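Please look over the sequence and the structure shown here before reading on. The briefing that follows takes up the sheets, the contact between the chains and the salt bridges in turn.

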Amino acid sequence: MEHKLLSEHYHEEEYRTLAGYKSFGGYKTLESALNKKPEEIIQQVRDSGLRGRGGAGFPTGVKWGFLPNNSEPRYLLCNADEGEPGTFKDRLIMERAPHQLIEGMLISAWGIKSHKSYIYIRGEYQHCIRIMEEALKEAYSANYLGKNICGTDFHHDMDIYIGAGAYICGEETGMISSLEGKKGQPKLKPPFPAVKGYLEKPTIVNNVETLAAVVPIIQDGVEAFRSIGTEKSPGTKFFSVSGCVKKPGNYEVPLGYPLMDLIELAGGLREGRALKAVIPGGTSAPVLTAEECERARMDFESLADLGSMLGSGSVIVIDDSCSMVDMLSVVEKFYHHESCGQCTPCREGTGWLSKVVDDILAGQGRIQDLNLILGISENMMGKTICALSDAAALPAISFVTKFREEFEIYIRKTLAQRKSGVLSA
Amino acid sequence: MKKETQKSFELSAEGLAFVKKELTRYETKRSAILPCLYRVQKENGGWVSPEAVSHLSKVMDIPTAYINEVLSFYTMYNKCPVGKLHIQVCCNLSCAMNGGRELAEHLCRSFNVKEGEISANGEVTISRVECLGACDIAPMAQVNEEYVGPLKKETVVEQMKELLKKQ
């Protein structure tokens with residue numbers, strides 16, 4: 001069953017407007033938060049165990065704690081560059097509850113003592129951009145933004161920055177480069193953004209869903225939040241379920257929810273089809289076989305135990321009508337296209353992976369290409385500035401290892417066809 | 001690919017006012033490059049020419065190298081002219097599984113245009129793009145600024161012709 005901690009009122013049309021949001025108790029949590037000390041907010045978020053909802057799952061309160069203890073200006077940057085293939089949950093939050101995001105950002109900004117924030121929205125999300133712009137205007141006119149917010153001495157300005165089509169800008173330092181008006185290339189860490197981020201100033205980058213989740217944590221308290229989900233992965237999470245299911249969409253469930261039940265929530269598989277595999281956390285996450293899916297629970301630890309990851313919460317369901325060779329070719333083409341090009345193992349590796357898989361798909365494959373894919377992938381892991389290279393290598397390794405037989409059969413079949421002249425050499 | 005050029009380009013008075021505002025909107029002037037390139041693209045019928053970059057460089061007082069860095073890196077800036085209707089069909093995983101790639105081919109054949117090029121009458125460009133974050137309506141496309149889906153092979157051409165009329 002869904003657990004609508006954030007999305008309880010998402011079906012209400014007026015929830016998008018300031019008046020509507022307030023009629024459901026909106027901005028009350030901000031008012032109470034402004035009566036607390038900023039340190040208390042950070043402590044509460046840390047105690048809640050909230051983990052980043054964008055992909056890496058890093059504890060949010062711990063990230064905030066990395067900020068230097070000085071009076072330097074600091075920025076809050078909301079990552080709304082949702083680009084991980086299969087993910088569409090941040091779009092839902094911005095479209096249905098723009099003020100929930102703004103309130104979460106304001107509470108967070110109060111906690112980290114920031115007076116300026118940006119929402120970096122991917123350029124394709126024109127509809128979200130218009131809704132967020134309207135919501136910001138409303139929030140300014142009601143004095144939830146600007147000077148002396150809610151009659152306190154807290155000042156905060158919030159603005160939108162629009163991306164222009166680059167997956168890598170979802171990586172926090174890539175996003176900072178982009179916000180600085182440059183190509184979105186990631187920067188070497190350390191220093192981490194919390195110490196040196198936007199314009200070399202301390203910057204906290206958090207995902208849309210993470211910031212929205214701050215509202216119920218402050219509103220209902222740490223215990224209420226921790227009572228949902230698992231010990232190490234508390235709270236709810238939006239899962240974007242898509243692919244071969246009858247009712248693709250976003251489903252908010254407690255973390256630790258069984259994967260097969262989640263697929264059932266999304267309408268289950270189509271008639272007459274059998275489950276072949278699931279990518280549980282965006283295309284960067286290693287694929288799970290049907291047998292592994294039976295055991296999989298949707299939280300950070302359970303999926304790590306299965307050798308995969310929760311990532312952004314994008315669940316791509318693959319049934320027996322799909323060819324794994326074909327699917328991997330789509331995935332690797334994507335990473336090749338999106339590699340920013342500054343690190344050699346990634347720039348070259350993604351290209352080679354894409355080429356080798358495409359050759360197999362086109363019927364030009366050799367059995368030894370499978371080991372070649374594994375060799376290239378291993379040389380791409382842990383050797384680059386950001387995680388894109390690993391993100392391209394992980395699916396390649398998992399597809400070829402877990403579905404080796406299917407790849408081999410495909411290669412042998414096309415080889416035989418080539419020899420008999422069915423396929424041109 | 002042949003390098004596309006045009007005779008000249010200048011921003012309108014409103015465009016110049018927009019640039020002026022963006023230059024002071026962010027903490028650093030350079031941050032204005034991305035929004036200003038969008039403005040140029042909008043005023044130039046959907047693409048950014050080298051001449052437009054030169055013009056923008058003068059107006060913003062920012063070297064062309066900085067502007068070209070941004071222009072060449074991001075895919076949403078078109079470096080060649082596009083049709084009145086730019087149909088960007090998602091061909092990433094969830095859309096591919098649901099027929100996105102076949103839709104892109106079908107559209108190219110129906111409008112008699114090669115992928116990424118502009119149709120003879122200047123009306124349509126069809127390109128394949130990566131995940132647009134709308135897998136719940138797969139297979140889908142971004143048509144100019146609007147998301148449309150789930151698309152069906154039987155009706156997609158009619159649907160696009162309707163959208164073209166509105167442009």
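**Briefing on the predicted model**

In chain A, strands β5(A) and β6(A) run antiparallel and are joined by 6 bridges. The model is a predicted one, in which local features need pLDDT of at least 70 and side-chain atom pairs count only at pLDDT 80 or more, while totals for chains, interfaces and linings use all residues. Residues are numbered from 1 along each chain as its sequence is written, chains are lettered from A and ligands numbered from 1 in the order in which they are written, and side-chain values use heavy atoms, with hydrogens and water left out.

**The sheet in chain A**

- Within the pair named above, A:Thr236 has A:Pro254 of β6(A) as its bridge partner.
- Five strands of chain A make up an open sheet with mixed pairing, in the order β6-β5-β11-β8-β9, where two strands pair if DSSP finds at least two bridges between them.
- The edges are held by β6 (249–254) and β9 (288–289) of chain A, each of which has a single partner strand, so one side of each is left without a neighbour in the sheet.

**Chain B and its sheet**

- Chain B holds 7 helices and 4 strands, these being DSSP runs numbered from the N terminus (H or I and at least four residues for helices, E and at least two for strands).
- Along the sequence, the pattern of chain B reads α-α-α-α-β-α-α-β-β-β-α, and its C-alpha trace spans about 50 × 35 × 30 Å along the principal axes.
- An open sheet of 4 strands in chain B has the order β2-β1-β3-β4 and mixed pairing.
- In this sheet β2 (124–129) and β4 (146–148) of chain B are the edge strands, each with a single partner strand, so one side of each is left without a neighbour in the sheet.
- Strand β1 (residues 85–90) of chain B pairs with β2(B) in the parallel sense over 6 bridges, and B:Leu85 stands opposite B:Val124 in β2(B).
- Helix α6 (residues 100–110) of chain B packs on the sheet and touches β1 and β2 of chain B, its direction making about 160° with that of β2(B); axes are lines fitted to C-alpha atoms, for helices over the stretch in contact, and angles run from 0 to 180 degrees between N-to-C directions.

**Where the two chains meet**

- Contact (heavy atoms within 4.5 Å) links 56 residues of chain A with 35 residues of chain B.
- Together the two chains bury about 3500 Å², 57% of it on carbon and sulfur atoms, where buried area is the accessible area (1.4 Å probe) that two parts lose on being put together, summed over both.
- A:Glu124, A:Ala164 and A:Val330 supply 16% of the area that chain A buries against chain B, which is more than any other three residues.

**Salt bridges**

- A salt bridge is a side-chain nitrogen of Lys or Arg within 4 Å of a carboxyl oxygen of Asp or Glu, and a search of the whole structure finds 33 of them over all chains.
- Between chain A and chain B the count is 4 salt bridges, including one in which the side chains of B:Glu145 and A:Arg130 meet at 3.4 Å, N to O.
- Within chain A, the side chains of A:Glu95 and A:Arg91 also meet in a salt bridge (3.8 Å, N to O); these residues are 4 apart in helix α5 (residues 89–96) of chain A, and are therefore separated by about one helical turn.
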